[in-house]
Amino acid sequence: LMTEGASCTASAWARVPVALSATDKSALKERIRRLLKERGAVLVAHYYVDADLQDLAEETGGCVSDSLEMARFGRDHAAQTLVVSGVRFMGETAKILTPSKRVLMPTLEATCSLDVGCPVDLFSAFCDQHPDRTVVVYANTSAAVKARADWLVTSSCALDIVRALKDKGHKILWAPDRHLGGYIQRETGADMVFWNGACIVHDEFKAFELAALKKEHPKAKVLVHPESPADVVRLADAVGSTSAILKAARELDAQEFIVATDNGMMHMLRQQNPGKVFIEAPTAGNSATCKSC
Ligand code: CIZ
């Protein structure tokens, strides 16, 4: 849908100039609006994607949300075609929830480092080494890895599910994010073994630099996604999923926030909280912008 005509391949998509002029951008947006309407499609976008795509999804009656809500929205919407603006596992999740609908993605080359770092054959062998453990996997995995698991969780419900399993005496095998797994283990005390994966963006947040930034902004509250390293999580005023971070920003009594999650989230944080200031938490690299997301 988004690569109609001559530019129908992912490599062609990759050649689209990054910095469009305002006129070109508005023509492209208009074309997307028209095509969505003509083809009875709805655009669902993740909080992490480009601000323009988030705006387009909202303006055209689609949604901007986390991966599970994207899939639920697509399932419940009248449209028979879902255009998923996000990484590959998000399109797969939408298809799993609504197999009868057509799911399109701008490019299948937009992958998630957690998903790519957990190939199903190796993961399956890891599970086979721990037959006594209940397998719990995070949403950021392929459909094949999900199929090998006993439970599938998002960062919004992971704590509750693992706590309930622990209370029933289960030992857990967790994949793929070792930081999120470690956070769940610390919070629940569950017996867990981990797949050794990490999100390339969240893994980059640095505690030493974050502590220094906190000193420069003593009134700022720190919001951290639990895919971040433990020493970064320890500095947080609120830890949680994308939806939990948005909720904390709306409800915490502060005007200034330091945010440790993908930079795409800044758009929704600023939209929902006019007047509040959001500062990116420091990373080892240039910024917390996942090129794939
Ligand atoms: O499930 C999602 O959408 C992701 C990737 C993160 C989150 O915290 O919502």
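This is a predicted model: local features need pLDDT of at least 70, side-chain atom pairs count only at pLDDT 80 or more; totals for chains, interfaces and linings use all residues.
Q: What surrounds the ligand?
A: His-46, Tyr-48, Asp-66, Ser-67, Tyr-138, Asn-140, Ser-155, His-225, Ser-241 and Thr-242. Numbering runs from 1 along each chain as its sequence is written, and side-chain values use heavy atoms, without hydrogens and water. Local features need pLDDT of at least 70, side-chain atom pairs 80 or more, while totals for chains, interfaces and linings use all residues.

Q: How many nonpolar, polar and charged residues are in that shell?
A: Two nonpolar, seven polar and one charged. Tyr counts as nonpolar and Asp as charged here.

Q: Which polar side-chain atom lies 2.6 Å from a ligand oxygen?
A: One belongs to His-46. Thr-242 also has a side-chain N or O atom 2.6 Å from a ligand oxygen. For His-225 the distance is 2.7 Å. A polar contact is a pair of N or O atoms within 3.5 Å.

Q: How much of the ligand's accessible area does the protein cover?
A: 99% of the 270 Å² that the ligand has on its own. That is Shrake-Rupley area with a 1.4 Å probe.

Q: New topic. What is the strand order in the open sheet of four strands?
A: β10-β9-β11-β12, with parallel pairing. Strands are DSSP runs of E, at least two residues, and a pair needs at least two bridges.

Q: Which are the edge strands?
A: β10 (238–239) and β12 (277–280), each pairing on one side only.

Q: And how many bridges between β11 and β12?
A: Four, in the parallel sense; β11 covers residues 256–260. Ile-258 stands opposite Ile-279 in β12.

Key. A residue is near a molecule or strand if one of its heavy atoms lies within 4 Å of it. A polar contact is a pair of N or O atoms within 3.5 Å; within protein, one must be able to donate a hydrogen and the other to accept it, and residues adjacent in sequence count only if both atoms are side-chain atoms.
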